[in-house]
Amino acid sequence: MSETVKQGAHKSYLEETGGRKGIFKWILSTDHKRIGLLYLYSIMTWFVIGVALGIMMKLELIAPGKTIMGAQAYNATFTVHGVIMIFLIVIPGLPAVFGNFLLPIQIGAKDVAFPKLNLFSWYIYVAGSILVVASLFAGGGPPDTGWTFYAPYSFKTGTNMLPAVVGAFVLGFSSILTGLNFLVTIHRLRAPGMTFMKMPVFPWTLYGTAWIQLLATPIVGITLLMVLGERIFNIGFFDPAKGGDPILYQHLFWIYSHPAVYIMILPAMGAISEIIPTFSRKTIFGYRFIVISTLAIAFVGYFVWGHHMFTSGMSGTALFTFSILTFIVAIPSAIKVFNWVATMHQGSILLKTPFMWAASFIFVFLIGGLTGLVLGALATNVHVHDTAFVVGHFHFIVFGGTGFAFFGAVHYWFPKIYGRMYDESWAKTGWLIFFIGYLALYGPMLYLGIKGMPRRYFDYLPEYHGPNILSSLGALVMVSGFLIILINLIRSARHGEKAEANPWGGTNLEWQISSPPSLENFDEIPTIDKATYKYD
Amino acid sequence: MAEEKHHIISYQKLLGVLGILIVLTLLSVAITEIELSRWATIAALLIAGIKSTFVLLIFMHLRFDQRIFRVMVGLIIALVLVVIFITMLDFMFR
């Protein structure tokens with residue numbers, strides 16, 4: 001994309017320690033790349049805990065009746081699983097890890113606009129995470145409300161709501177500050193010649209995400225404070241006995257939490273938009289439409305929160321409005337899928353691991369998207385609301401979307417991050433096992449939901465047994481695949497073959513500099529003279 | 001980056017705006033003594049809105065800043081209004 005990138009013989013950012021030793025060269029560094037990796041390691045730690053809780057739930061559901069835990073323990077397990085997975089992993093996931101590592105490089109900058117604030121955001125993230133995980137162990141037992149903390153139960157339950165709610169509140173600050181940092185970085189630090197329409201898609205999706213982080217997160221912050229107010233001071237915002245309105249809580253919660261789905265999915269779409277052109281050896285199809293659809297998703301995503309509340313008792317007018325708006329948001333998402341497939345069409349496809357993740361992302365995202373239409377339609381929603389169908393749909397979108405894109409991104413940028421190649425055959429084996437396990441785990445949930453199995457129950461009727469066995473076995477297969485992937489990546493980061501600067505033949509700026517990059521990325525700020533994704 | 005112009009607001013003007021904000025705060029307390037029933041919230045929000053506008057325009061320099069920032073803040077306010085409007089589609093028609 002630029003012919004003027006200059007790289008001297010500098011030490012890589014991994015060798016450049018600033019005179020610090022041990023853990024201090026990480027936790028005191030303001031280098032955006034090291035901060036990205038700090039997020040990666042923290043997120044992967046919590047992910048292992050979240051997966052362990054998920055496996056416990058699937059083991060409980062392997063047979064009807066009590067298997068390994070009772071009702072209360074199950075309620076606590078799905079709550080903490082949800083809180084960890086959503087607030088600690090999926091929301092910060094791609095923006096905090098790959099956004100931090102790649103945003104400055106992809107726009108031709110030496111760092112983000114506020115490096116110290118960036119490190120501070122990670123500290124806030126760690127503080128919030130510890131509070132959330134502490135809720136597992138402190139006082140009255142883990143929270144049991146579900147990750148949505150619905151009122152009025154959330155201020156009446158005797159379990160550890162305070163650390164979980166305060167933790168989620170604190171995590172919001174990290175998200176807001178990261179979003180602010182990225183917005184200013186994109187507006188002020190783009191290299192000369194990099195107009196907005198020459199910017200790669202990944203920074204564009206980070207831009208859309210950053211606006212959501214900045215504008216929507218404060219709403220959930222205030223809402224969680226209101227729950228604390230209810231618990232501590234008995235104010236009555238959401239308590240019908242005091243003239244409060246519990247549906248107001250749901251409005252406030254979802255005004256943030258639906259856009260939060262786009263915080264999760266937009267950067268995932270950005271990563272996929274990077275991987276597909278590189279491995280198709282083709283300029284991305286309809287760049288302008290992809291950019292516009294990114295902004296459209298970020299914008300329209302603000303107005304569709306009510307589809308989470310179709311059975312809550314909202315007015316008919318609101319139900320109708322939210323249903324229409326939900327169908328509108330499907331349009332830009334479908335545009336993206338069309339553009340990815342069109343990019344692959346007649347391309348010289350290279351079947352490497354990142355591409356396998358990207359292709360399987362499209363497959364599972366389609367299932368998630370189409371089942372989303374079932375939930376967006378009022379008539380069908382009432383039948384499957386709060387059933388296993390919703391859990392299946394949600395995991396196809398959030399885990400299938402963000403998770404697959406995350407693993408694709410890890411493999412795609414692994415050579416750039418560590419300067420080493422992962423083992424391709426083990427990576428593909430891990431992907432295949434993971435993918436098979438994934439479909440076996442979540443596919444039966446859609447069927448069970450249609451058959452009427454409710455979500456969030458530790459027990460079920462005998463006729464649901466067969467699909468539940470398949471789902472639980474699928475979980476074990478998927479975890480086996482995950483372990484292969486994890487071990488391969490950890491081993492390769494130390495012992496993998498040395499990577500070239502551009503092992504995949506990518507066209508964006510990160511592939512024009514050494515692997516791993518130097519501390520300041522570029523000797524001189526590059527001048528951008530070509531459009532992005534140009535394969536001559 | 002080109003050198004940007006800085007606008008300096010006089011102390012006199014800042015104190016004037018501070019005075020207006022204090023008066024409006026007293027007014028928002030005073031009107032709670034009047035029985036406005038369903039209009040009470042609207043009156044309170046109206047006064048709060050006027051106060052926010054003064055803070056944004058004068059204390060936060062939006063009046064003297066580049067047009068792009070005014071547009072950004074305007075869009076955000078529009079977004080909040082749309083969100084409130086949609087929420088009202090539930091409350092008003094329930």
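Colleague: Which way does α7(A) pass α8(A), in a left-handed or a right-handed crossing?
Modeller: The crossing of α7(A) past α8(A) is left-handed. Left-handed is used when the near helix is turned anticlockwise from the far one by less than a right angle, and right-handed when it is clockwise. Helices here are DSSP runs (H or I, at least four residues; strands are E, at least two), numbered from the N terminus.

Colleague: Before we go on, what sort of model is this?
Modeller: This is a predicted model, in which local features need pLDDT of at least 70 and side-chain atom pairs count only at pLDDT 80 or more, while totals for chains, interfaces and linings use all residues. Residues are numbered from 1 along each chain as its sequence is written, and chains are lettered from A and ligands numbered from 1 in the order in which they are written.

Colleague: Back to the pair. At what angle do α7(A) and α8(A) pack?
Modeller: The angle is about 165°, and the axes of α7(A) and α8(A) are 8 Å apart. Axes are lines fitted to C-alpha atoms, for helices over the stretch in contact, and angles between N-to-C directions run from 0 to 180 degrees. At that angle α7(A) is therefore roughly antiparallel to α8(A). The cut-offs are under 35 degrees for roughly parallel, over 145 for roughly antiparallel, 65 to 115 for roughly perpendicular, and oblique for the rest.

Colleague: How many nonpolar, polar and charged residues are in that contact of α7(A) with α8(A)?
Modeller: The contact of α7(A) with α8(A) has 21 nonpolar, nine polar and one charged residues. Nonpolar covers Ala, Val, Leu, Ile, Met, Phe, Trp, Tyr, Cys and Pro; charged covers Asp, Glu, Lys and Arg; the others, Gly among them, are polar.

Colleague: How do α4 and α8 of chain A pack, at what angle?
Modeller: Helix α4 (residues 93-106) and helix α8 (residues 246-280) of chain A pack at about 45°, with axes 8 Å apart. That angle makes α4(A) oblique to α8(A). The crossing of α4(A) past α8(A) is left-handed.

Colleague: Which residues of α4(A) meet α8(A)?
Modeller: On the α4(A) side they are L94(A), P95(A), F98(A) and G99(A); on the α8(A) side, P267(A), A268(A) and A271(A). Contact means that the C-beta atoms, placed from the backbone, lie within 7 Å. By class that contact has six nonpolar, one polar and no charged residues.

Colleague: W504(A), buried or exposed?
Modeller: W504(A) is buried, since 21 other C-beta atoms lie within 10 Å. W504(A) is also in the segment after α15 of chain A. Leaving aside neighbours within four places in sequence, W504(A) is in contact with T278(A) and F279(A). The C-alpha atoms of W504(A) and W413(A), 91 residues apart along the chain, are separated by 9.7 Å.

Colleague: Switching to chain B. How many helices and strands does chain B have?
Modeller: Chain B has three helices and zero strands. Buried residues make up 2% of its 94 residues. The C-alpha trace of chain B spans about 55 × 30 × 10 Å along its principal axes.

Colleague: Where in chain B is H61(B)?
Modeller: H61(B) is in the loop between α2 (39-59) and α3 (67-91) of chain B. Phi of H61(B) is near 65°, a positive value in a residue other than glycine. With 14 C-beta neighbours inside 10 Å, H61(B) counts as partly exposed.

Colleague: How many residues of chain B are in contact with chain A?
Modeller: 10 residues of chain B are in contact with 11 residues of chain A. The side of chain B that touches chain A has seven nonpolar, one polar and two charged residues.

Notes: Two residues are in contact if their C-beta atoms, placed from the backbone, lie within 7 Å. A residue is buried if 20 or more other C-beta atoms lie within 10 Å of its own, exposed if 12 or fewer, and partly exposed in between; C-beta atoms are placed from the backbone.
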